[in-house]
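Please open the model in your viewer and keep the selection tool at hand. The tour below moves from stop to stop, saying what to select and what is there.

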Amino acid sequence: ISTNIHGTDCPNDYCIVSNPARAELPISDGVIQDWRDDATLGGINDGDLIISDPGTFGPMEVDGDLLIDMGNDETLTITGTVWVTGDLTFSCAQDSYIVLDPGYNESSGLILTDGQITVGNNCAFNGSGETDSYLMVISSKDEPDEDFPVMTVNNNSDGVVYYASRGWITFSQNAGAKEVTGYGIKMENNSNVIYESGLANINFTSGPGGAFAIINWEETQ
């Protein structure tokens, strides 16, 4: 597959063919465990859960699989950290959104799973509405095999930060993201990632109450 950067096929002055030196990923296991603990403080749902109505959700631990199934013109507002012990699936109709509560202000929030993540067609994600506020979706599943991605992002999904430090992330057919960090990333069929300069310093918080915060996100230069 040919790659073109700044109007010229690689290799050129803007594209480096050799692998860069390994860098430590910006979120530690300890921080991820803190996020799990914070979600648990909001309550535990024992077993699989399906959310099919617009409204608010979080903070919560889902002890099982979680399906977020949004219909046309529906919005689910995340009001605190969500931790899923099983698999996480987003199923979205047209003009449906998963967003952060406005109380996050300029901070960002997250949904974390220990299993696999599937983001269906047309899923759109937003922060609180303020600049530099983002929703992050994280898989902590340890599966470094390219043939078994821990996260699959499908057609026309956009507007979110994805993180999977121990597994592969696959994007297909016009799927997009604000930022992606993974053990490996596979881009298929016109998918894209738009890295924003503000992502060099995101403030993550547990929710409108702000029980914890992470500053100095330094993955990109």
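A salt bridge, as the term is used here, is a side-chain nitrogen of Lys or Arg within 4 Å of a carboxyl oxygen of Asp or Glu. This is a predicted model, in which local features need pLDDT of at least 70 and side-chain atom pairs count only at pLDDT 80 or more, while totals for chains, interfaces and linings use all residues. Residues are numbered from 1 along each chain as its sequence is written, and side-chain values use heavy atoms, with hydrogens and water left out.

**The salt bridges**

Begin by selecting Glu 146 and Lys 186, whose side chains meet in a salt bridge at 3.4 Å, N to O. Glu 146 lies in the loop between strand E15 (135–139) and E16, and Lys 186 in strand E19 (residues 179–187), so the pair ties together parts that are 40 residues apart in sequence. Helices (H or I, at least four residues) and strands (E, at least two) are DSSP runs, numbered from the N terminus, and the chain has one helix and 22 strands.

Then select Asp 114 and Arg 36, whose closest N and O atoms are 3.0 Å apart in a salt bridge. Because Asp 114 lies in the loop between strand E12 (109–113) and E13 and Arg 36 in helix H1, this pair ties together parts that are 78 residues apart in sequence.

Which of these two residues is buried, and which is partly exposed? Buried means under 20% relative accessible area, exposed over 50%, and partly exposed in between (1.4 Å probe, protein chains only). Arg 36, at 13% relative accessibility, counts as buried, whereas Asp 114, at 24%, is partly exposed.

**A buried glutamate**

Next, select Glu 61 in strand E6 (residues 60–63). Glu 61 is buried yet has no salt bridge, and the nearest side chain of opposite charge, Arg 36, is 8.7 Å away; in this count Lys and Arg are positive and Asp and Glu negative, while His and the chain ends are not counted. What does the side chain of Glu 61 make a polar contact with? The partner is the side chain of Thr 40, at 2.8 Å. A polar contact is a pair of N or O atoms within 3.5 Å; within protein, one must be able to donate a hydrogen and the other to accept it, and residues adjacent in sequence count only if both atoms are side-chain atoms.

**The disulfide**

Now select Cys 92 and Cys 123, which are joined by a disulfide with an S to S distance of 2.0 Å, the term meaning a pair of cysteine sulfur atoms within 2.5 Å. The link of Cys 92 and Cys 123 is right-handed, with 95° about the S-S bond. Cys 123 is buried, with a relative accessible area of 0%, and Cys 92 is buried at 11%.

**The aromatic pairs**

Finish with the two aromatic pairs found in a search of the whole structure. Phe 90 and Phe 125 form an edge-to-face pair, 5.2 Å centre to centre with 85° between the planes. Rings of Phe, Tyr and Trp (its six-membered ring) pair if their centres lie within 6.5 Å; planes under 30 degrees apart count as stacked, over 60 as edge-to-face and the rest as tilted. Both Phe 90 and Phe 125 are buried.
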